[in-house]
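Subject: Handover of a structure

Dear colleague,

Please find below the structure that I am passing on to you. My notes on it follow directly after.

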Amino acid sequence: MLNKYPLWKYLLVLFVLALGFFYAAPNLYKPDPALQITGESSAQIIDEATLTRAHKALEEAGIDYFGETIDPDGRNALIRLRDQEEQLQAQARVSRVLGDGFIVALNLAPTTPSWLSDFGAQPVKLGLDLRGGVHFKLEVDVDAAIERRMEYYLNATKRALREARIRGYVDIDGDNRLETKFRSEDLREQARAIIAENHPELVLDRVDEEGSWNLYAVMTEATRDELADYAVTQNLTTLRNRVNELGVSEPLVQRQGKNRIVVELAGIQDTAEAKRILGKVANLEFRMVARLEAAPSEKQRFEYRSADRAGMSEWLEREVILTGERVTNAQASFDQNGRPNVQISLDSEGGLLMNRATRDNIKRRMGVLFIERKYRTTYERDENGEEVAVKIPYDEKKLLTAPVIQSALGAQFQITGLDSPLEASELALMLRAGALAAPISFVEERTVGPSLGAENIRLGVKSVQMGLALVVLFMVLYYRVFGVAAVIALSCNLVLMIAFMSIIGATLTLPGIAGIVLTVGMAVDANVLIFSRIREELKNGLSPQMAIHSGFERAVATILDANITTLIVAVILYAVGTGPIKGFAVTLSVGIVTSMFTAIMGTRALVNLIYGGRRVEKLSIGGGV
Amino acid sequence: MKVINFMGQRKLALAFSLILLTIAAVSLATRQLNWGLDFTGGTLVEVNYSETADLNGIRETLETEGYAGAIVVSFGTDRDVLIRLPQGYSDSQGAELLTRLQNAYDGTVELRRIEFVGPQVGDELREQGGLAMLLALGLVMLYIAFRFQLKFAVGAVVALIHDVIVVLGFFSVTGMEFDLTVLAALLAVIGYSLNDTIVVSDRIRENFRKIRKADPVEVINISLTETLGRTLVTSLTTMLVLMALALFGGEMINAFAVALLVGVFIGTYSSIYVAANALLMMGVSKEDLMIPVREGAEQEDLMP
């Protein structure tokens, strides 16, 4: 029978739609404004007592709250608020009461019911332009890392030549090359052999001048790339670590391109604070634990950083063996007995310094200090009598660990005797965080206030509604019953788009909404193509059933061609574009895919249900046919 | 159906297109584009005053505070103000400026957004945008050459370049700000205009094979007439939603909507007059579209 779908096709359409409605459903539940409380260090446990203090602060301010929860591991607590307007005030109150040890961040807590979230259904993520927040783009100064490495080659070569008693001139020239000059060819060849052995990654080039035998050394392209890559990765890790300190929900720290890092923090308004934390310089110092008999002027006392050893301290010598710049890597690992340890790598300069310091000090202990720029918050009254928070910076130096030196150490060594793999990984993380590989600078910053975000959502929704209304009106007037079928398919397409975006975890932005609006206009194109064909076929004298059949059949190829080319453009947009362009490309491509399904299969199913399998004298498709 | 003699006007259309392109090219060469912050770099601050903002007062405040070259305009409503600082201010100036504005004003000044774009980013974006556009055109040409035929691919790409230049020209002549969203819109125009061109090309190909005795001009006229209804309806629905977007979508998306509106309009025209015209100029004929007979396939055997 003509124009009847087999049962499975109807079921397929129904199934896809049901799935779409199910996964789009979480977007109907409005999220609660909330406060998220985390400890400044992972050792800080949040318990009932902490919550009670927070509650008290909120009650005193007359702020309504409910549904508070603490994560089972005690790292995170969430307090939901009734009123979005009170969120900022609530944050100020609670962070004041809890003090500097805790981070209180603004959050939006999803209210997805469990029957939806149990199946992984989540509301679609909103971009910063819709929910408010800060977007930073940072650039890693790769050249500085390379310069530093050249500096190291310079020092290492000078020392090596001195030790081998080879006299010559050694410096870095204007082209960032290691330049060495010798009095004779013989001296140069000796130096060349030493440099080549110590640093096989350098490319050496002989140049003869009048009375001077020169040798130039540059890094190979591969070494440079490796170094640059390492600098960026290192910064990425450090930034991730610091972003956690801001306590933002779902922060994004992502590498972009060769030397850029994008950081997105939702709900943050105080960009100065965020930049202070992101840009802060942490460092490490390795020092010997002072001997008992050491004079007070030669030693300093430091407390341990970890909470397990809170209150414990050690006396360290004032002299610094080496600092964080020399640390190239630190990795948590296990020894052959399965006990956790941390493997530390130093650059070769650091290795030498370490060797010199440790070879005569076996069985003594060496302390590792973590230095952090911190801010103490005090509250003062300004000239208007209003209370303002004042942040006073200070360097906090705390002891990470003080292990016993078992043998002379070099560029590679390990710290053992750690209690747990967690302790090992934290120590490794701190060591890496202290060794920032290359300086970073802010090259782009975008802040969207919460009111603009809310307004963008409102405007976006309004334009979708208005656009949809106009298209619906037009389609129904122009194509009658067929228009109704197309409009139903179009509405289903919107639901499918939202569902699809929710499932793949795509982020909806303002340009993304524009993409949705555009899709509403363009998605009916497939229907328009089909319906024009049907009208044509009717004019050519085909029976209604035949016209429907061949109209759909013949339009499909055109629709495919047209949509695939548009999809090509959308994919390129996504691949090449950044920020707003990407958001637009995502909804555009999703829209193209879902609209092909709804416009071809969905409309066909509806038309078949209405007209299929029976005698039809006339089709209600407008256009005087 | 009465066949409309589209191609009868092809010389007129060609002249029209050439005039448009010339205006666009001259304007792009002399006035260039009003590049947005994304491309030029600099700082942009949007604030909301609790009452009607006094733009001159704000300008004075900024001047005394030492922000040379700041541009102050109202944005959307008379309480929303947009301040743009040229390249050269540090990345923390945005937040500082906000504090100074608040200090100079009795009511509240609410932050809407701050954007800071460093000088490195802008050039890269322009490069990237151009690259994206070329890549899009190239791949599209490949696809059409593969699915249709080379002449169609050239025709489509000529139409696309035409549309892009005209939209760029529009932004240059009107002096509207060309930001990242407009670039996205431009690429979307490529997608849209292509869509149109392909539907028309598809019909031209079909009719070349179907109508045995007709010259290319006739075939193209018939094809354009047949697809005219669809072309107009789709353009209409798209322009309807874009109108909604331009009117209700807010300031941040306005330039995007306008770019697409102009693009869709010109894209509709170009799929009729530019793509088809280019086909005729290249001397498209039935032979270009004959399905090659596969050797060995579909040969009937005669058995004794």
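Four strands of chain A form an open sheet in the order β2-β3-β1-β4, with antiparallel pairing. Strands here are DSSP runs of type E with at least two residues, helices are runs of H or I with at least four, and both are numbered from the N terminus; two strands pair if DSSP finds at least two bridges between them. The edges are β2 (65-70) and β4 (102-109) of chain A, each pairing on one side only. Within the sheet, β1 (residues 32-39) and β3 (residues 76-81) of chain A run antiparallel and are joined by five bridges. Ile37(A), for example, has Ala77(A) in β3(A) as its bridge partner.

This is a predicted model, in which local features need pLDDT of at least 70 and side-chain atom pairs count only at pLDDT 80 or more, while totals for chains, interfaces and linings use all residues. Residues are numbered from 1 along each chain as its sequence is written, and chains are lettered from A and ligands numbered from 1 in the order in which they are written.

Turning to another region, Leu542(A) lies in the loop between α13 (510-539) and α14 (544-576) of chain A. Leu542(A) is partly exposed because 16 other C-beta atoms lie within 10 Å (buried means 20 or more, exposed 12 or fewer, and partly exposed in between, with C-beta atoms placed from the backbone). Leu542(A) and Thr358(A) are 184 residues apart in sequence and 96 Å apart in space, C-alpha to C-alpha.

Yours sincerely
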